[in-house]
Amino acid sequence: MSVVAPARPAAAAPAPSATRPACELIVEAVRFSYPNKSEALAGIDLSLRPGILGLLGPNGAGKSTLMRILATLARPTAGRVLWNGIDVARKPNALRASLGYLPQDFGVYPALTAREFLAYLAAVKGLSGANARARVECCLAEVGLGDTADRRLGDFSGGMRQRVGIAQALLNDPQLLIVDEPTVGLDPEERQRFRHLITDLAGARMIILSTHIVSDVEASATALAVMDKGRLLFDGTPGELIARARHCTWEWRVAESEVAGARAAHTISQSSRVPGGVLLRVISARAPAADATPASPDLEDAYLWLLASRAGH
Ligand SMILES: Nc1ncnc2c1ncn2[C@@H]1O[C@H](COP(=O)(O)OP(=O)(O)OP(=O)(O)O)[C@@H](O)[C@H]1O
C-alpha cells in the first residue's frame with residue numbers, strides 16, 4: 001500500500017484557532033473528462049458553508065473525481081472552484097493551507113507506530129518542532145488514539161487505520177475536511193464510531209463526506225448532494241429530500257413465494273420477515289397493490305426514490 005502524500009501548504013500551517021473566519025466553497029459548472037474521453041463530471045454546481053455535506057451517489061457517479069478536484073489534485077476540464085472567492089485552479093495554495101483530505105485509497109506504513117506516522121506526515125505538510133509535536137498529540141487525542149499511539153499500524157483494525165487517516169487530515173487544523181468513502185470495509189461498530197467522530201469534528205469546519213451508504217450521513221449531514229452519472233440529482237437538506245419522496249413509500253406484506261416477483265417489478269428499499277410472509281418497503285408513485293399501506297419515507301427510501309425516478313421507473 002502506498003502513502004498518499006498530502007498537498008503541501010504554501011507556508012507553515014496556521015496555529016489551531018478556536019474562532020475561525022467564515023469559509024465558503026463554490027463549485028461552478030464544473031466538468032471533468034478523463035484522457036480516455038469518458039466524462040466523469042457533466043456540469044456540477046454547489047455552494048458550501050460550514051457543516052457536514054453528505055455527498056451520495058452509486059459507484060461511478062463521479063464523487064471521487066469531484067473530491068479530487070476539490071482537494072486540488074485535479075483541475076476541472078471546464079468551470080471553476082472558488083475558495084473564499086479565490087479561483088482554486090489559479091491559486092491552489094489558499095485552499096491547500098486550509099485543507100485536510102482523506103482519500104479513498106489511503107494507505108499507511110505498517111511498520112510505523114501511529115505517532116511516528118503522523119510525525120512523518122506533519123513534516124511532509126511543512127510542520128516542524130514543538131508545533132508539529134503538539135499537533136500530532138492533539139490529533140491523536142481528537143480521533144481517540146492517544147492510548148494506542150505507540151502501537152504499529154500493521155496491528156491496527158480497519159477502523160483504527162481510518163482514524164489515523166482522519167488524524168493526518170487534521171494536522172493543519174483544516175477549515176475544509178474532505179473524506180472520500182471512509183467507511184468501506186469497516187465492521188458495523190467501527191462504522192458507527194467513525195460516524196460519531198465525523199459529527200464531533202464538524203463545529204465551524206466544512207466537512208464533505210462522500211459515500212454510497214445512506215446511513216453514513218443520515219444522522220450527521222446538514223446538507224446533502226446526490227450525484228449520478230456525473231450529474232447532480234439533488235442539492236438541499238436531508239429533510240427536503242425526504243419531503244420530495246412523500247407519498248412514494250409503501251409497506252406491503254407478501255407471501256415468501258411472491259418476493260422475487262415483487263423485487264422484479266418494484267424498487268424495494270427494505271424487507272423483513274413477519275408472521276405469515278415478508279414485509280416490503282416499496283418505493284413507487286402508485287400503490288404496488290390494493291393491500292399496500294402508505295409509509296413515511298426515511299432518507300434511504302428518499303434516496304432510492306430519487307435514483308429510481310431518474311432511471312424512469
Ligand atoms: N482514472 C480514470 N480513467 C478513466 N475513467 C475514470 C478514471 N477514474 C474514474 N473514471 C470514470 O469516471 C466515472 C466517475 O468515477 P468516480 O470514481 O469519480 O465515481 P465514484 O462516484 O467515486 O465511484 P466509486 O464509489 O466507485 O469510486 C466513472 O465512470 C469511472 O469509470
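A residue counts as buried here if 20 or more other C-beta atoms lie within 10 Å of its own, exposed if 12 or fewer, and partly exposed in between, with C-beta atoms placed from the backbone.

Two notes on the model. It is predicted, so local features need pLDDT of at least 70, side-chain atom pairs count only at pLDDT 80 or more, and totals for chains, interfaces and linings use all residues. Residues are numbered from 1 along each chain as its sequence is written.

Now, Leu307. Is Leu307 buried or exposed? Leu307 is buried, because 20 other C-beta atoms lie within 10 Å. Leu307 sits in helix α10, residues 299-311. Helices (H or I, at least four residues) and strands (E, at least two) are DSSP runs, numbered from the N terminus. Contact means that two C-beta atoms, placed from the backbone, lie within 7 Å. Setting aside neighbours within four places in sequence, Leu307 is in contact with Pro58 and Asp228. Val226 is 81 residues away along the chain, and its C-alpha atom is 9.0 Å from that of Leu307.

Strands β9 (223-228) and β10 (231-236) pair antiparallel over five bridges. Pairing requires at least two DSSP bridges between the strands. Val226 has Phe234 as its bridge partner in β10. Two residues separate the strands of this hairpin, and Lys229 in the turn has a positive phi of about 50°.

Next, an open sheet. Four strands run in the order β12-β13-β11-β14, with antiparallel pairing. At the edges are β12 (267-274) and β14 (293-294), each pairing on one side only. Inside, β11 (249-254) and β13 (277-283) run antiparallel, joined by six bridges. Thr249 has Ile283 as its bridge partner in β13.

On to the record. The unreviewed UniProt entry annotates residues 25-254 as "domain: ABC transporter". Such positions follow the numbering used here, feature names are shortened, and annotations may be inferred rather than shown by experiment. In the model, residues 25-254 are 33% helix and 29% strand, with end C-alpha atoms 48 Å apart.
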